[in-house]
Amino acid sequence: MSDRRETGLVHAAPIGLCLPLLGREPKGRPDRQQTAESDDRESGTGGCRLLCALEMEMTNRDMHGDSKVDCVNCDGLISRNGGESAEVSVPLSLPGKRTIPMEGDNLYRLRDRKFLLEDKKRLCALALGTALLGILLMIIHAEICPIYYTPDSNAALIINCSISLSTGCLLILIIAFHYKDIRLFIIDHNQVDWRIAMTSHRVLVITLELMVCAIHPLGTYWEVGLRVNSSSSAPLLYSNHHGDVLKDMELLLSVLMFLRLYLVHRAVLLHSKVLLSASYRSIGSLNNINFTFRFVLKVLMNKYPARTLLAFILLFWLTASWMLTLCERQTKASTGHMQTALWLIAITFLTVGYGDVAPNTSCGRAVCLFTGVMGVACTAMLVAVVTKKLALNKGEKHVHFFMLDIQISKRIRHAAANVLRECWLLHRTNLTKGNRGEHRRHQRCLLEAIRVFRHLRLKQRKLRDYANEMVDLPKMQMIMCDLSANWNNSYRELEQRILSMEQKLEELSLSFQQTSELLSQVLRHRNPEIR
C-alpha cells in the first residue's frame, strides 16, 4: 500500500459493510468507520468460504478534496471453489455529505429511530414527573412552613435541598431529551454532522428550557447562610428590609416554578395515539401534515371536547387559586384564604366581576388578569363546542329541509288557490256591478294573496339554494356513477339496435337479390328470346 492509503485512513468517510454470515448478527453498526475481514466457517455439507475485506483509502487534504477507496469486496455469487474477491473502487463523499446507503443501512436506521423515539417518550415522562415532584414539594413547603417550622430551620433546608435535587435531575433529563432529539435528526438526515443540527432556533429553545426548569426558591439557603455567617447582630431596620426582599424573591420564584408545566404538551404529543399510529403517520405524510401539538389538540377537541375543556378548566382553576393565595398571603387579607381565592378566580374566569373581593398585591392582580384572558379564550372554545354539538348532521339536515320543502310547497298551492279565488270574486263583482266597497275589498284581498304567494316562492327558492349547497362530494360521485352507468347501458342498447338493423338490411338486400333473380327467370321462361 502507498503512503496515501496510510494517511487516508484517518480522514475516511463512514461506509457500511453488511455482509454477515446467514443467521449471525453483525458486530458493528454499518455506518461506523471500520476495516473488517470476516471469514465464514465451513458448513456440514462441505463448504463454501466467504471472505469479506474492506480497505479504505483516501487522499490527503488538498485543494480538490476528492477521495476514493479501494476495497476488496465480496460478491454475493462467489464461486464454490475458492471465494476469490474482486477489487472495486468505491467513491466516498466528503464528511457531512450524504452517501449512497447500502442494503442494510435503512433497516438499521429504522431500528435506531424506533429506539430513539421510545427513549424520548420515556425521558419526557420522567421529566414531567420530576417537574411535578418539584412543584409538589414547593407547595408543601409554602403551606406548612409558617405553621410547623421556621424558614431558617433544618426541615426547611431539607425540603429546599429536595427541590434543588429534583431541579438538577430535571435539567439532566432535559439535556438527555435534546441529545436524543439531535441523534434522531442525524438519523433522519442520513448521518450528517451533529453541528448541523445545532441551529440558532434549537440553541435558543434549549437555553430557554434550561432557564425555565432551573427556577426554584432559594430563600432558605440565604437565611441559613446569613445565620451561620453573621458574627454580629445587624440593625433591625436592615434585617427587616432584607427579610422582606427574601420573601418577595422566594414568592416570585415559587410562582415561576409553574412554568415547568409546559412539559405537559410535550408529553401529550409523544404519548398520543395519533403520533404512535402508523396509519396516521403514513396518511399524514402523504398529505404533508406535521404532527405537532396543535394537530393533536385539534384531534382531542374534535374527539373529546367536553373532557378536554373540563380537565383544562379544573387544572387552571386550582392552580390559579393557589397562586393567588400565595401572592396575597403576606397582606393577611381575605384573598389569602383558599376558599376566597377560588371564588375570586371563578368570577374572574367567567368575566363576571362582582367587586366584593379584589386582589391587593401586584402579583395577585397579574394572576387575575391572566385568569380573565384565559376565561375569555375558554368561553370562546366552549361556545364553539356547544354550537357544534347542537348543530344538525347531514342526515338530519336533509330530513329537515325535505320536510320544510314539502310544507312550503303545500302553502304555495294554497296561496295560488287564494289568488285564483280572489281573481274570480273580483271578476264576478265587476260583472254584477256591485257596490264599490265590495270591489275594493276583493282588490285588497287579491293583492294580499299575490304578496303571500310571492313571499312563499322566494322562501322556497332560498331553501332550495341552501339545500343545494349541502350536496357533498360522495353524493355527487354517486350521481355521476349512476349517470355513467345509464349512458353505458344506453350505448349498449344502441349498439344492439344498430347491429339488428344491419342484419335486417342484409336480409332485405338478400331478399331483393333473390326476387330479382326469380323475376329474371320468369321473364326468360315466358319469352325465350330474352336472354
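Select helix α13 (residues 338-349) and helix α14 (residues 362-390): they pack at about 45°, axes 7 Å apart. Helices here are DSSP runs of H or I, at least four residues, numbered from the N terminus, and the axes are lines fitted to C-alpha atoms over the stretch in contact, with angles from 0 to 180 degrees between N-to-C directions. So α13 and α14 are oblique to each other (under 35 degrees is roughly parallel, over 145 roughly antiparallel, 65 to 115 roughly perpendicular, the rest oblique).

A quick note: this is a predicted model, where local features need pLDDT of at least 70, side-chain atom pairs count only at pLDDT 80 or more, and totals for chains, interfaces and linings use all residues. Residues are numbered from 1 along each chain as its sequence is written, and side-chain values use heavy atoms, leaving out hydrogens and water.

Next, show F312, F316, F349 and F370, which form one aromatic cluster (Phe, Tyr and Trp rings, the six-membered one for Trp, pair with centres within 6.5 Å; planes under 30 degrees apart are stacked, over 60 edge-to-face, the rest tilted). F312 and F316 sit 4 residues apart in helix α12 (residues 305-328), about one helical turn. F316 is buried at 13% relative accessible area, while F312 is partly exposed at 34% (buried is under 20%, exposed over 50%, partly exposed in between, with a 1.4 Å probe and protein chains only).

F316 is in α12 and F370 in α14, so the pair ties together parts 54 residues apart in sequence.

Definitions and conventions
Helix = DSSP H or I, 4+ residues; strand = E, 2+ residues; numbered from the N terminus.
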